[in-house]
Amino acid sequence: MSTNNTNNIKNEDLGLHFLALARASSSSMGGKREEEDFEEEEVPTELNTINSSGGFLVVSPDKLSVKYTSVNLHGHDVGVVQANKPAPVKRLVYYFEIYVKDAGAKGQIAIGFTSESFKMRRQPGWEANSCGYHGDDGLLYRGQGKGEAFGPTFTTNDTVGGGINYASQEFFFTKNGSLVGAVYKDIKGPLFPTIAVHSQNEELVRSYLQHYGYEDTLNSFDLAGKTTVPPVFVAQENGFNEQDNVYALNQRKTLRQLIRNGEIDAAFDKLRNWHPWIVQDDKSSTCFLLHCQKFIELVRVGALEEAVKYGRMELAKYFGLAGFEELVQDCVALLAYEKPQESSVGYLLEDSQREIVADTVNAMILSTNPNVKDLHGCLHSCLERLLRQLTACCLERRSMNGDQGEAFHLHRVLNSGKKAKC
């Protein structure tokens, strides 16, 4: 098989993924209000940078990444940090995760829940009103100095989660997507998600920024971290090299900015100059989504006559083609409304639709990297893969409770994450 044909097949496989995502946007609008049926309740969103031990330095602007900076000489020399809010209680299950980037020399990592008055120099589970699953020995500690046999140890590159099942009144913990075990929840009052980690977790955030081409934000992140945490470069993680994320970073940044600004013609021109293989097949999913977005942008600015001409020239060729027709019909339907943004197809005019197209182009460019072996690495960043694992765990726990209570909405988390500025 020729190299050109191979590239086309790779691109189309990825393009079909984003085409399905674009079509799903329409059906998902009906479920938007689903989460509003639940009573408002504050939930943890970041680390508490005020009430934490001095052994930690917060290094990322989103307050989700920390580095242990102390020397770990004795039992009271622990870096501990709680979430900024206690675990919510008006639901059946609450769950959170950590990713261990570097377990350090001793691997004395812990995840668990603690009360507001917890001593912030001790591992969760070592003090009263706390519970913790420890990575160095796999033991569970519940308010005493002696642990009990619980599960496997965990270390560098492991993803570990902790949760509360309010229906059964249990704490439960996971490792790499599998349930480790559960114990009776014998602690009352507000409980804070808590970690005690002697490691760095900077790389996770950097990989997300690299993956989506947020070059300026990435540079600012690195600049902010220079005085705290030196960059850690990992040769390979989950089959996707960090250098793969850096591939064509500036070009991907430029194209994302153009698409976000609705400058589709300019994006087409850049793609033809930089990555012609991506747009050489005018019937590909990538070209289709770009043409649709061009039509949408014309409607957005009120250039309806030009939109009609463009539709007849570029969109008409997709009528009758499996997988394309539904989105074409939604695009054309925009012309039927005086206020299309308030119509059933108004989702096309939202910024999220631009993001789908930008993500498509971003993935296509990453797929042209000759060193890429795993196409899934082009679709999602490491952070998103962790979130998907979190979703699977939440759904599994929810199914064990009769599918009752609030579900975890991955798209809501991902959309909030993509608000990073280029």
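**Exercise 1. Where is confidence lowest and where is it highest in the protein chain?**

Solution. 
Step 1. In the protein chain, strand β2 (residues 56-58) has the lowest confidence, at a mean of 49.
Step 2. Helix α6 (residues 264-274) has the highest confidence, at 96.
Step 3. Check the start of the chain. This is a predicted model, and over residues 1-11 its pLDDT is below 50. Beyond near neighbours in sequence, that stretch has 13 contacts in the model.
Step 4. Check residues 416-422. There the pLDDT stays under 50, and the model has 19 contacts beyond four places in sequence for this stretch.
Step 5. Take the whole chain. The mean pLDDT is 75, with 64% of the residues at 70 or more.
Step 6. Draw the lesson. Where pLDDT is low, predicted coordinates should not be read in detail.

**Exercise 2. Describe the protein chain as a whole: its elements, its burial and its contacts.**

Solution. 
Step 1. Count the elements. The protein chain has 14 helices and 13 strands.
Step 2. Look at burial. Of the 422 residues in the protein chain, 50% are buried.
Step 3. Look at contacts. Take those with a separation of 6 or more: residues 24 or more positions apart account for 66% of them.

**Exercise 3. In what order do the 4 strands of the open sheet stand, and what is the sense of their pairing?**

Solution. 
Step 1. Read off the order. The strands run β5-β10-β11-β12, and the pairing is antiparallel.
Step 2. Find the edges. They are β5 (93-99) and β12 (178-184), each pairing on one side only.
Step 3. Count the bridges. Strands β5 and β10 are joined by 7. Strands β10 and β11 are joined by 6. Strand β11 (residues 170-175) pairs with β12 over 6 bridges.
Step 4. Trace partners across the sheet. Y94 stands opposite I164 in β10. I164 has F171 as its bridge partner in β11. E170 has Y184 as its bridge partner in β12.
Step 5. Look at the turn. The hairpin of β10 and β11 has 4 residues between the strands. There, Q169 takes a positive phi near 55 degrees.

**Exercise 4. How many residues of β10 are buried, and which point each way?**

Solution. 
Step 1. Count them. In β10, 7 of its 7 residues are buried.
Step 2. Recall the rule. In a regular strand, side chains alternate between the two faces of the sheet.
Step 3. Sort the residues. T159, G161, G163 and N165 point one way. V160, G162 and I164 point the other way.
Step 4. The residues pointing either way from β10 are all buried.

**Exercise 5. Which parts does the aromatic pair of Y133 and F150 tie together?**

Solution. 
Step 1. Start with the total. The structure holds 11 aromatic pairs.
Step 2. The rings of Y133 and F150 are 5.4 Å apart, centre to centre, with 70 degrees between the planes. Edge-to-face needs over 60 degrees, so the pair of Y133 and F150 is edge-to-face.
Step 3. Place the residues. Y133 lies in strand β7 (residues 130-134), and F150 in the loop between β9 (148-149) and β10 (159-165). The pair therefore ties together parts that are 17 residues apart in sequence.
Step 4. Check burial. Y133 is buried, with a relative accessible area of 0%. F150 is buried too, with 18%.
Step 5. Note a cluster. Y94, F96, F113 and F171 form one aromatic cluster.

**Exercise 6. Is A22 buried or exposed, and which residues does A22 contact?**

Solution. 
Step 1. Judge burial. A22 has 0% relative accessibility, so A22 counts as buried.
Step 2. List the contacts. Leaving aside neighbours within four places in sequence, A22 is in contact with L289, L327, Y347, Q353 and I356.
Step 3. Take I356. A22 and I356 are 334 residues apart in sequence, yet 6.7 Å apart in space, C-alpha to C-alpha.

**Exercise 7. How many disulfides are there, and why is C292 in none?**

Solution. 
Step 1. Count. There are 0 disulfides.
Step 2. The nearest cysteine sulfur, that of C331, is 4.0 Å away. A disulfide needs sulfur atoms within 2.5 Å, so C292 is in no disulfide.
Step 3. Check burial. C292 is buried, with a relative accessible area of 3%. C131 is buried, with 0%.

Methods: Residues numbered from 1 in each chain as written. Predicted model: local features only at pLDDT ≥ 70, side-chain atom pairs only at ≥ 80, totals over all residues. Heavy atoms only, no water. pLDDT = per-residue confidence, 0-100. Helix = DSSP H or I, 4+ residues; strand = E, 2+ residues; numbered from the N terminus. Contact = heavy atoms within 4.5 Å. Buried < 20%, exposed > 50% of the residue type's maximum accessible area, 1.4 Å probe, protein only. Phe/Tyr/Trp six-rings, centres within 6.5 Å; stacked < 30°, edge-to-face > 60°. Pairing = 2+ DSSP bridges.
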